[in-house]
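Student: I have this one open now and would like to go through it piece by piece. Start wherever you like.
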Amino acid sequence: MGAHLKLSNKQARHLWLWTNALSDTPTGPLDLDAIIRRLGFVQIDTIRNVTRAHNHILWSRNQNVREGMIWDRLAQRDVFEHFTHDASLIDMRVLPFWRRQFDRLGARVARHDWYQSGLGQAQIAEIRQRITDEGALSTHAFDTKAETREMWARPPHKKALDQMWYAGELATCHRENFVKFYDLGERVFPTHDPAEDAHAVDWLCSAAMDRLSFGTSGEVGRFWEAMSAREAKNWCDAAELVPVEIETADKGSVTSLAHPDIETRLATLPAPTTRLRILNPFDPAIRDRARLERLFGFDYRNEMFVPKPKRRWGYYVYPVLEGDRFVGRIELKADRKAKTLSVIGFWPEPGVRWVAARHAKLDAELSRFARFAGLDQVHWLTPRG
């Protein structure tokens, strides 16, 4: 490799926000398919503190998105549901390269203790036959019980459904009130010829780098979580990538690799909108916490599963992005009966002055977010800082 191309911290921040479709003001005509294609996948999550993660992630890119729109894409087979680093709705263009993930996760789950202690093969076959004969069924169609009352305990039929779903034998055909309905994979997935494994690794790594713009082999491998670290490293060693030196938020530097058209991307890179935005804790722009802190100097952690006395911030805390920096974090809670969005925690970032104009931007975004969730008013239950 030759001399490293150097990216200032500002360039790196702007490039990362552009790569994640966060550069533009989130208005204008909505092309939901284009957003999903740009991101590759959208994480889904059960928690509905204000709105579920998948709704919020898409709304942050275009505020003409409405809650639940993504499920129409699932029904129309524009996306499919499976597991990347977590449960996600994935652009259907990825499916031909996903056979290896079905095989990897199906085998992994089949080896796991919680699965081995579940139903026998004859009973699994019975569940598969019911779905074959009756059509799509949810977990509520079965009545086996968990053996313990522990929070993560699953009934045997749920273990069986999970294993077949991870393996691609079953697929999510639709959801009702977030309840997953399982059907045979062959009846849900469009007909396609699965790519050979080496071609699948090449395609997935290339697609990951396109959606990272720059990254290490570890970051490439972790993007889809569909390959080993060695496979990602071998791809990066063989690919025609550009060596770069990235200035970090603390004025240090890290070496990395960049997409082959990195210089074109930098030459045409727009400055990010000055619109203040409240991002979801599962937003892809902040999913890699180490990368987030390295580029933005923003130390962020999800604390939903941290015992309350040990939390630094709160249960469901949203990062606040303005331009190319994070200026605070805010904890919100929706009361849908009262149609009220409550601010229950607010923490300005050190060194950020929250002048009247910045507070006005935050109030405007809170109002927009409330309307998106079907709420009429915003109440501050904590000091503004």
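Student: Ok, which residues does W98 touch?

Tutor: Leaving aside residues up to four places away in sequence, W98 touches F80, H82, F83, T84, I90, L204, W224 and A226, where contact means heavy atoms within 4.5 Å. Please keep in mind that this is a predicted model, in which local features need pLDDT of at least 70 and side-chain atom pairs count only at pLDDT 80 or more, while totals for chains, interfaces and linings use all residues. Residues are numbered from 1 along each chain as its sequence is written, and side-chain values use heavy atoms, with hydrogens and water left out.

Student: And which members of the largest nonpolar core touch the most others?

Tutor: Those are W98 and W224, in a core of 56 residues, a core being a set of buried Ala, Val, Leu, Ile, Met, Phe, Trp, Tyr and Cys residues joined through side-chain atoms within 4.5 Å. Buried here means under 20% relative accessible area (1.4 Å probe, protein chains only). Helix α10, residues 197–212, gives the most to this core, with eight residues, and helices are DSSP runs of H or I of at least four residues, as strands are runs of E of at least two. Another core, of 43 residues, lies apart from it and has L39, V50, I57 and I330 among its members.

Student: How does α10 sit against α11?

Tutor: The axes of α10 and α11 (residues 217–224) come within 9 Å and cross at roughly 105 degrees, the axes being lines fitted to C-alpha atoms over the stretch in contact, with angles from 0 to 180 degrees between N-to-C directions. That makes α10 roughly perpendicular to α11, a label used for 65 to 115 degrees. On the α10 side the contact involves L204, C205, A207, A208, M209, R211 and L212, which meet E219, V220, F223 and W224 of α11.

Student: Is α11 itself mostly enclosed or open?

Tutor: Six of the eight residues of α11 are buried, so this helix is largely enclosed by the rest of the structure. The buried ones are S217, E219, V220, G221, F223 and W224, with W224 at 0% relative accessibility and F223 at 7%. After α11 comes E225, whose phi is positive, near 55 degrees.

Student: Switching to rings, how many aromatic pairs are there?

Tutor: The structure holds 22 aromatic pairs, counted when the ring centres of Phe, Tyr and Trp (its six-membered ring) lie within 6.5 Å, with planes over 60 degrees apart called edge-to-face. One of them is F80 with F189, edge-to-face at 6.0 Å centre to centre and 90 degrees between the planes. This pair links distant parts of the chain, 109 residues apart, since F80 is in strand β3 (residues 79–83) and F189 is in the loop between α9 (185–188) and α10. Both F80 and F189 are buried. F223 and W224 form another edge-to-face pair, 4.9 Å centre to centre with 80 degrees between the planes.

Student: Which residues do ring pairs link into a cluster?

Tutor: The cluster consists of F41, F80, W98, F102, F189, F223 and W224, and W98 also has F80 and W224 in its contact list.

Student: One last thing, where does E349 lie, and is E349 buried or exposed?

Tutor: E349 lies in the loop between β14 (340–348) and α15 (356–372), and at 12% relative accessibility it counts as buried. Not counting residues up to four places away in sequence, E349 touches F298, F326, V327, G328 and R329.

Methods. Buried < 20%, exposed > 50% of the residue type's maximum accessible area, 1.4 Å probe, protein only. Parallel < 35°, antiparallel > 145°, perpendicular 65-115°, else oblique. Phe/Tyr/Trp six-rings, centres within 6.5 Å; stacked < 30°, edge-to-face > 60°.
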